[in-house]
Amino acid sequence: MELGSVSAAHGSVESGIMAGVGKCILVTGPPGVGKTTLIMRICENLKLSNPNIKLQGFYSQEIRQGGERVGFEVVTLDGRRARLASSTISSPESRKWPAVGKYKVDIASFESLVLPELKIREDTGLFIVDEVGKMELFSSYFFPAILNILQSNIPLLATVPIPKFGKDIPAVVRLKNHPGATIFTLDKSNRDAMKDRIYPQLAGMLLKP
């Protein structure tokens, strides 16, 4: 169900690797609506209420030069950074990189930082993934790492893009259809109140064994 909204996913999913019912909260909404800001505010609240919680994962942000967006980078929760995509890089190697619009996606850079952050460890309390999008999914190892998290009992808080031209990314559809997923749709009218809706649910997940 959309909960607008919010929705708890249900129904049939692919068998096998998707069979495990993980704890998963997905935040979606149009570009620039504030998904990353919301995720980071929730993280800050969790750290204040539970200083010992071990958070793992990453968020994405723009790279700007002279007021112009020239790319994107991924940042771990402890501040390490790596290039995700660039519109200005020009090298023999970059010509082989996949592209999204004018941006070339640096898969090797992305994987070197993000994949270790998505490994399940004994003391991991929560995974943060911002986002599960087209650029990130060029990595053939990224989505299997997400599915591995869903098979564990560790909660996942992730952002996903809205469908483009009415068509959703297949991997995002799989996440939305996961039986353990709840989807929150962010817009300008509800973004200030959405933290107070997501935080209690996520805190409740962290308390359950």
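Is F165 buried or exposed? The legends below, all for a predicted model, start with that residue.

View 1. With a relative accessible area of 81%, F165 is exposed. You'll find F165 in the loop between strand 9 (156-161) and helix 4. Most residues other than glycine have a negative phi.

**View 2. A cis peptide bond from D130 to E131.** Here omega sits near 15 degrees. E131 belongs to the loop between strand 8 and helix 3. For context, most peptide bonds are trans.

**View 3. A171 in helix 4 (residues 170-176).** A171 counts as buried because its relative accessible area is 12%, and the cut-off for buried is under 20%. Once you set aside neighbours within four places in sequence, A171 is in contact with L137 and F143. A171 and F143 are 28 residues apart in sequence, yet their C-alpha atoms are 7.5 Å apart in space.

View 4. S86 is buried, at 7% relative accessibility. Leaving out residues up to four places away in sequence, S86 touches V70, G71, K102, Y103 and K104.

**View 5. Helix 2 (residues 107-117) and what its buried residues pack against.** The buried residues of this helix are S109, F110, E111, L113, V114 and E117. So what do the buried residues of helix 2 pack against? Their partners are strand 3 (55-65), strand 4 (68-76), strand 5 (81-86), strand 8 (126-129) and helix 3 (142-151).

**View 6. The largest nonpolar core, with 35 residues.** L118, V129, F142 and L156 have the most contacts inside this core. Helix 3 supplies the largest share of the core, seven residues. Zoom in on L156 and, not counting residues up to four places away in sequence, L156 touches K23, C24, I25, L126, F127, V129, I146, I149 and L150. Apart from this core lies another, of 23 residues, among them I39, I53, L77 and L186.

Notes: Residues numbered from 1 in each chain as written. Predicted model: local features only at pLDDT ≥ 70, side-chain atom pairs only at ≥ 80, totals over all residues. Heavy atoms only, no water. Buried < 20%, exposed > 50% of the residue type's maximum accessible area, 1.4 Å probe, protein only. Helix = DSSP H or I, 4+ residues; strand = E, 2+ residues; numbered from the N terminus. Contact = heavy atoms within 4.5 Å. Core = buried A, V, L, I, M, F, W, Y, C linked by side-chain atoms within 4.5 Å.
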